[in-house]
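Reader: Hi, I am new to this one and would like to go through it slowly. Could you show it to me before I start asking?

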Amino acid sequence: MSLNRCIPVLVSAALVLAVPWGVHGAQEGTWDRSEDGKYWMYFYSPGNPAEDEWIEDQGKEYYVDSKGRMKTGWVTDKRDKNKYYMGEDGAKCFNMFTPDGHYVGPDGLILESFDTYRKAVKKQLERLMKDKAYKERDGAPRPGFMLWDINGDGYRDVVAVDRAQMPGRVVLTAVWDPLEEELVPASQADPDDPDESFLSYNQDSQSVWLTIAKDSGERDFFQMKDNGFQFEDVWHFELDQDDWGDAVYYVNGVKYDAQEWGQALTQASLEAGAAVTEGFLPLDAGTVKLAVDCSPEEEMPLWQQ
């Protein structure tokens, strides 16, 4: 299980050279400056520049326009109509964030779905930062969050808690729906509800659980199903009193004696696994950007579908 694996990130073009160093004297042509000295051009022979085409040279790709000028920044390929980002040295860029906030993958194309995902996650977390019920206040613990694949489909989902350190309540969980390209709320706490809640992970079953604990001792255990979007109610432990004031115990609506009730609660706790109390980041603009604007190494096949 990997929690918040993506910090920090690439934020701009990795190449910042002003000229295409190392490409002079290429096999089929030569790089040289334009007459005004402002642009690099690729000449097959003196006075015969390449025009409106891609140049492959020493393992890199460059583009020259209809006037033979090497281009930087965004270029649209007239053949496939795709956009590619050319670095400051003119070479096509791969596997990086562009200065204007897009991510280009191993084929140089924008990962549109990944861009959509990042915008949705940032928007969700920014809403929480503005929510007065969870907003950081002087002297109050800072709310926290993590990006964690809670339904096993490979996409990192959103988990927000009331405190980054020693959380006492799960504020929100939201699962990414790749088909609709949106975050689907899986759970949301009522700000006025005093009940504690936490997420847990069972290593053996590789399942994520949400437990809600009441001061009375009652418990609810919800499991996130594989590839699901909602937590499903699995165990419900309820306490009541009979006419004589004696405690009455129920498990999933069935009456149990005290010993059986305790045994069932132990079983439910074992199924839910260990509580996740670490790995949460402080909920602020800086940490949100670091966590969300992260190179999608492990998820690359998902975003290229």
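Reader: To begin with the charged side chains, what do the side chains of lysine 78 and aspartate 52 meet in?

Author: They meet in a salt bridge, with 3.2 Å from N to O; the term stands for a side-chain nitrogen of Lys or Arg within 4 Å of a carboxyl oxygen of Asp or Glu. Lysine 78 lies in the loop between β6 (73-76) and β7 (83-86) and aspartate 52 in the loop between β3 (48-49) and β4 (53-57), so the pair ties together parts that are 26 residues apart in sequence. Helices (H or I, at least four residues) and strands (E, at least two) are DSSP runs, numbered from the N terminus.

Author: Before we go on, please keep in mind that this is a predicted model, in which local features need pLDDT of at least 70 and side-chain atom pairs count only at pLDDT 80 or more, while totals for chains, interfaces and linings use all residues. Residues are numbered from 1 along each chain as its sequence is written, and side-chain values use heavy atoms, with hydrogens and water left out.

Reader: Is lysine 78 buried or exposed?

Author: Lysine 78 is exposed, at a relative accessible area of 54%, whereas aspartate 52 is partly exposed at 32%. Here buried means under 20% relative accessible area, exposed means over 50%, and partly exposed is in between, using a 1.4 Å probe and protein chains only.

Reader: How many salt bridges does the structure hold?

Author: There are 14 salt bridges in the structure. One of them joins lysine 214 to aspartate 195 at 3.0 Å, N to O. Lysine 214 sits in the loop between β15 (207-213) and β16 (219-224) and aspartate 195 in the loop between β13 (182-188) and β14 (196-202), so this pair ties together parts that are 19 residues apart in sequence. Lysine 214 is partly exposed at 30%, while aspartate 195 is buried at 16%.

Reader: And which residue does aspartate 65 form a salt bridge with?

Author: Its partner is lysine 71, with the closest N and O atoms 3.9 Å apart. Aspartate 65 counts as buried at 9% relative accessibility, and lysine 71 is partly exposed at 29%.

Reader: Which residues are linked in a network of salt bridges?

Author: The network links Asp115, Arg118, Lys122, Lys289 and Asp293. Helix α1 covers residues 112-130, and the buried residues in α1 include Asp115 and Arg118, along with Phe114 and Tyr117.

Reader: Changing topic, what is the volume of the largest cavity?

Author: The volume is about 50 Å³, and the structure holds one cavity of 30 Å³ or more. On a 1 Å grid over the protein atoms alone, a cavity is a set of points where a 1.4 Å probe fits but cannot get out, and lining residues have an atom within 4 Å of a point; grid points are joined across faces, edges and corners, and the volume is the space filled by probe spheres set on them.

Reader: Where does the largest share of the lining come from?

Author: Strand β14 gives the largest share, with three residues. Among the residues that line this cavity are Ser197, Phe198, Val276 and Phe280.

Reader: Last one: what pLDDT does the chain average?

Author: The average is 88, and 89% of the residues score at least 70, where pLDDT is the predictor's confidence in each residue, from 0 to 100. Over residues 7-27, however, the pLDDT is below 50.

Methods
Contact means heavy atoms within 4.5 Å. The expected span of a helix is 1.5 Å times one less than its number of residues. On a 1 Å grid over the protein atoms alone, a cavity is a set of points where a 1.4 Å probe fits but cannot get out, and a pocket is an open set with protein on both sides within 12 Å along at least five of seven lines; lining residues have an atom within 4 Å of a point.
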